[in-house]
Amino acid sequence: MDLPHHGYRATAKPRARAAPPTADSVLFDDTSSGGAPAMNSQAYYTPGYNMAAPTNDMQGGVGVNNLFTDPMANAAMMYGSSLANQGKDMVNKEISRFMSMNKLKYFFAVDTRYVLKKLMILMFPYTHQDWEVRYHRDTPLPPRQDVNAPDLYIPTMAFITYILLAGMALGIQKRFSPEVLGLCASTALVWVIIEVLVMLLSLYLLTVHSDLSTFDLIAYSGYKYVGMIFTMLCGLLFGSDGYYVALAWSSCALMFFIVRSLKMKILTSLSSDSMGTASSAKPHLRLYITVATALFQPIIIYWLTSHLIRRAFHHLHHTVRTTQTEPLSTHMIRVPRVRYGDIFCIISPSLVNPGFYLSTFDKA
Amino acid sequence: RRIHNMAFTLYSLIQAAILCVNAVAVLHEERFLSKIGWGVDQSVGGFGDEPGIKVQLMTLVRSVRTVMRVPLIAVNSVCIVLLLLFG
């Protein structure tokens with residue numbers, strides 16, 4: 001029973017080592033084909049197995065009982081590891097049927113410098129000169145090397161931060177419960193899905209052969225969460241005036257950003273009829289799509305944040321007094337002012353978390 | 001508890017999607033679509049020409065009907081059973 005599994009392990013390991021260096025040399029510097037392949041590529045196995053695997057590998061598959069004096073436990077360990085390998089391959093195959101992991105990896109190949117520049121552009125896009133996405137032999141450059149490339153890292157982190165902020169805003173109004181948090185998350189997610197589906201439908205109907213894939217559209221839809229976070233923070237910190245000012249600012253910035261980014265991709269893309277008989281309706285319709293997408297952003301920002309913020313204004317900056325008909329105001333309900341330390345404590349995990357995540361990429 | 005009036009859940013999105021796909025699937029080819037000029041035979045327009053919106057829509061309706069016919073049977077049966085059991 002040991003022999004087939006030895007053979008499987010022996011073939012599985014070189015295969016796993018050979019695959020990564022050929023694929024993503026532009027995206028990642030692959031650190032997994034070095035000392036401990038089990039650490040990176042099989043990080044979701046139990047730590048016990050994690051420690052056992054390299055030593056088993058390095059001994060060349062001869063039954064080593066360094067860790068286990070019981071050969072049965074050793075055999076069971078190797079059998080389990082081969083089963084887990086098979087399961088992992090099967091899951092990978094199934095997933096890669098729906099979405100290609102390489103394409104997804106492209107969107108997460110970011111570094112700190114890119115994230116900072118992109119956030120600056122999202123909040124203040126008026127001074128950015130060059131909006132063209134750069135290519136490298138027909139494939140678009142990953143976000144590390146091109147600040148105009150869309151990425152999925154910022155939208156994902158901004159979405160999670162938005163959910164945290166929503167929970168905090170609800171907690172200030174004393175109407176927090178875990179179900180409301182899930183409801184808020186799924187509402188925001190549904191709006192993103194609806195917007196992406198409408199964009200896909202309109203791009204298909206107008207036969208716009210742009211190179212906007214589904215993930216690109218998800219990325220551009222997700223950038224509005226940065227504006228939402230900024231708006232909600234200003235609303236919580238500075239009250240109703242701050243909320244509307246921040247809403248106006250982030251709406252204008254986002255509209256400008258979306259129009260300039262999508263203009264390159266939609267309006268100048270080759271249609272199937274690129275000769276002179278292009279009907280005059282087509283450029284207008286493409287412009288309508290771009291402008292409609294841009295106009296949708298402030299609406300959805302307002303829709304998804306106002307119900308969270310509106311009641312918080314009273315709780316933050318006023319105290320609720322009892323009515324005049326009760327002269328004996330023995331119980332004057334006083335809602336405490338928000339402590340800015342609270343806001344910092346809630347936000348800082350989501351800021352620290354990306355820092356750890358990015359630092360693992362930076363050391364490559 | 002009170003749910004915000006436009007709070008979507010993923011379940012409601014799935015419900016809306018199933019209803020929309022069902023609505024597209026029940027459009028009969030010869031009884032209805034040909035009568036209003038959306039039939040299959042009317043979509044093979046000019047070849048060198050870029051297909052317009054109407055042709056694209058007709059192609060979309062036809063392909064949805066062809067592709068989703070069998071999965072819709074399964075999905076609708078599951079929905080019926082679940083709604084009968086759980087209300």
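## A tour of chain A

Of the 364 residues in chain A, 43% are buried (under 20% relative accessible area, 1.4 Å probe, protein chains only). This is a predicted model, where local features need pLDDT of at least 70, side-chain atom pairs count only at pLDDT 80 or more, and totals for chains, interfaces and linings use all residues. Residues are numbered from 1 along each chain as its sequence is written, chains are lettered from A, and side-chain values use heavy atoms, without hydrogens and water.

Start by colouring by secondary structure: chain A has 12 helices and two strands (DSSP runs, H or I of at least four residues for helices, E of at least two for strands, numbered from the N terminus).

Next, select H7 (residues 153-172) and H10 (residues 224-267) of chain A, which pack at about 25° with axes 8 Å apart (lines fitted to C-alpha atoms over the stretch in contact, angles from 0 to 180 degrees between N-to-C directions). H7(A) and H10(A) are therefore roughly parallel (angles under 35 degrees). Show side chains at their contact (heavy atoms within 4.5 Å): A:Phe159, A:Tyr162 and A:Leu165 are among those from H7(A), with A:Tyr225, A:Met232 and A:Leu236 among those from H10(A).

Now select A:Tyr162, A:Tyr225, A:Leu236, A:Phe257 and A:Leu308, which touch the most other members of the largest nonpolar core, a set of 57 residues (buried Ala, Val, Leu, Ile, Met, Phe, Trp, Tyr and Cys joined through side-chain atoms within 4.5 Å). Helices H6, H7, H8, H9, H10 and H11 of chain A each supply at least two residues of this core.

Last stop: a separate core of seven residues, including A:Leu104, A:Phe107, A:Leu152 and A:Phe215.

Technical notes: Angles under 35 degrees count as roughly parallel, over 145 as roughly antiparallel, 65 to 115 as roughly perpendicular and the rest as oblique. Buried means under 20% relative accessible area, exposed over 50%, partly exposed in between (1.4 Å probe, protein chains only).
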